[in-house]
Amino acid sequence: MFAIIMAHTHGKARAAFFLAPLIMMGEVLCDLQQPTLMAQIIDHGLARGDGHYVLMHAALMLGFALLGLVCGATCGTLGSYASLKMGEALRSDMLTIALTSRDPAGLAPATLITRITNDVTQMQNLVMMVTRGLVRSPLLLIGGIVMSTIVCPDLAPILFVIMPLLVVYLLVIVRRSLPLYTAMQQAVDRVNRSMRENLQGAKTIKSYVLEDHQLTAFNADNDHLQATSQKAALATVTLAPVIQLLLNLGVVVALGYGGSLAIAKTISSGQIIAFVNYMIQITTAMIQTVNIITAFSRAVTSATRVQAVLAEQVPATTATAPAPTDATIDFHDVSFGYDAAEPILANINLHIPAGTTFGIVGPTGSGKSSLINLLTRAFDQYTGTITIGGVDIQDLHLETVHQQLSVALQDSVLFSGTIAFNLRYGAATANDDQLAQAAHTAVADEFIDPLPQRFAAPVEQRGKNFSGGQRQRLNLARAFVPNHPIVILDDATSAVDQTTNAQIKTRLAATRRGETTIIISQRVTNVMACDQIIVLDAGRITAQGNHESLQRDSAFYQQLVATQLGGGRYAAE
């Protein structure tokens, strides 16, 4: 936990982190002087009628109070600065890991959102505790016990009876509360996941009139979170009352027993008042310690969850291979699967010559998209070798790999901003002519040009102010803007009508002539003109050739052609 904090606290923030507790010690020392000075005023000033003595010590008490105020404010400022800078660095680091992770079995988005927001907030609270409460409360507690023993040793046994009982009780509560706070954070994950699914699938939910069903499911998760949170809260709710009860009983005993000793002239009234004030400070410190323990329990749970994200950090690459000089792609005995026992791709051997148009077809779940995910290094956990231009992609910097290829996926994700901002996503320096050319190739110019602002037209979150087909064409244009040697289209026109699809195919053939283009599609018309086509089934290449040869040799391709283009027994089926 503290290793995570130190790894994300640098420069001025680290200096503030270590300086704040030292300054807090000054505040504690000032607070501990007040009861002793008050006892001296009572026993030596008021008892003797010495007004000068009273004024001098009252001024001293005021000086300590002001110094304590300055120390407390300074400590709070430094602690807040260290906490905020640590949170900023930790959130940035976690999001970077989430975006760059090449683990196909990584954490779910809902879990990542909770960990980057809620769990990091708990870690920030921990920094505030470490720099302030974790120093102030124990020091005030220990200092109060020491000073009360020095000032009035006759009443000290009261504390020696109460404090061990409280320490044992604290340990029991902490041991009980930790697993409950872990369960509570997991329940928060479930609620986040439910909200995310409901908001993203709102149209589907409405179309099936399942609002009540989804609300019932959400309420179940919400009720589970409430119940789990209540259990966690109840585990620590008795701490403060029990501490107050025992320490207040101690004050009553001190007043009763101390009063009898004062009557017997064994101790003075000032000693009793000082001891009671120290008891009040001890009570305050114990209550603060309870709050710290509660927050600490949550922070320990959050630190474990944050560490699970940090553990996925992509190691710094040591790749030194130069960029490939051509766009030839080769797969050598490549196998991949989320579970090694159930491979999605098995023993893939594939050669895609530079400058060719290559088609990939196959039934749903055959591994088509997985093949592309490996080529683009979305996942790195595979066996075998994948090369571009004869260079193993694992020997290349990730940036170098993506300078060789552009990808347009079926899921057209657009970002808030403008059309130009989205089209320049892979080529920040692209000029307007390049944007216009890419939009023309993707047949996106037919709806961009009529817009008053053209490329400066706004794009709402996830592109919801455009239709599904328009989003796909903007997605295609974004892939064409960088003009990389390799372009991969993964069912990127599935939402486009047939007429527009034919236009895109014609313009793509003209602009990408002599360039490597990989097309994954369920539409035969999209791949039939490809130089080579492979058929994937159950993660294996079952056939390879051009359109004419596959019509002779592949039953699946024959069925695909017959179903989509008509003719033969497959059309009847």
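Which residues do ring pairs link into a cluster? Ring pairs join F415, F421 and Y425 into a cluster.

## Basis of the report

This is a predicted model, in which local features need pLDDT of at least 70 and side-chain atom pairs count only at pLDDT 80 or more, while totals for chains, interfaces and linings use all residues. Residues are numbered from 1 along each chain as its sequence is written, and side-chain values use heavy atoms, with hydrogens and water left out.

## Overall form

The protein chain has 20 helices and 12 strands. These elements are DSSP runs numbered from the N terminus, with helices (H or I) of at least four residues and strands (E) of at least two. The radius of gyration is 35 Å, well over the 25 Å that the globule rule gives for 573 residues, so the chain is more spread out than a compact globule. The radius is taken over C-alpha atoms, and the rule is 2.2 Å times the number of residues to the power 0.38. Along the principal axes, the C-alpha atoms fill a box of roughly 115 × 50 × 45 Å.

Of contacts between residues at least 6 apart in sequence, 76% join residues at least 24 apart; contact means heavy atoms within 4.5 Å.

## Surface and charge

Buried residues account for 46% of the 573 residues in the protein chain. Buried means under 20% relative accessible area, exposed over 50%, and partly exposed in between, with a 1.4 Å probe and protein chains only. The accessible surface of the chain is about 27700 Å², and 60% of that belongs to carbon and sulfur atoms. Areas come from the Shrake-Rupley method with a 1.4 Å probe; for residues, only the protein chains shown count as cover.

There are 37 positive and 41 negative side chains, and the centres of the two sets lie 6 Å apart. Lys and Arg count as positive and Asp and Glu as negative, with His and the chain ends not counted. Each charge is placed at NZ of Lys, CZ of Arg, CG of Asp or CD of Glu.

## Aromatic pairs

Five aromatic pairs are found in a search of the whole structure. Rings of Phe, Tyr and Trp (its six-membered ring) pair if their centres lie within 6.5 Å; planes under 30 degrees apart count as stacked, over 60 as edge-to-face and the rest as tilted. The rings of F17 and F18 have centres 5.3 Å apart and planes at 90°, so this pair is edge-to-face. F17 is buried at 6% relative accessibility, whereas F18 is partly exposed at 47%.

The F421 and Y425 rings, with centres 6.1 Å apart and planes at 80°, also form an edge-to-face pair. F421 is partly exposed at 41% relative accessibility, and Y425 is partly exposed at 49%.

## Loop residues

Q403 lies in the loop between α11 and β6, and Q404 is found in the loop between α11 (398–402) and β6 (405–408). Q403 is partly exposed at 48% relative accessibility, but Q404 is buried at 9%. Leaving aside neighbours within four places in sequence, Q403 contacts H484 and P485, while Q404 contacts A323, P324, H484, P485 and I486.

T493 is in the loop between β9 (486–490) and α16 (498–511). This residue is buried, with a relative accessible area of 11%. Not counting residues up to four places away in sequence, T493 touches Q472, L476, N501, I504, R523 and N526.
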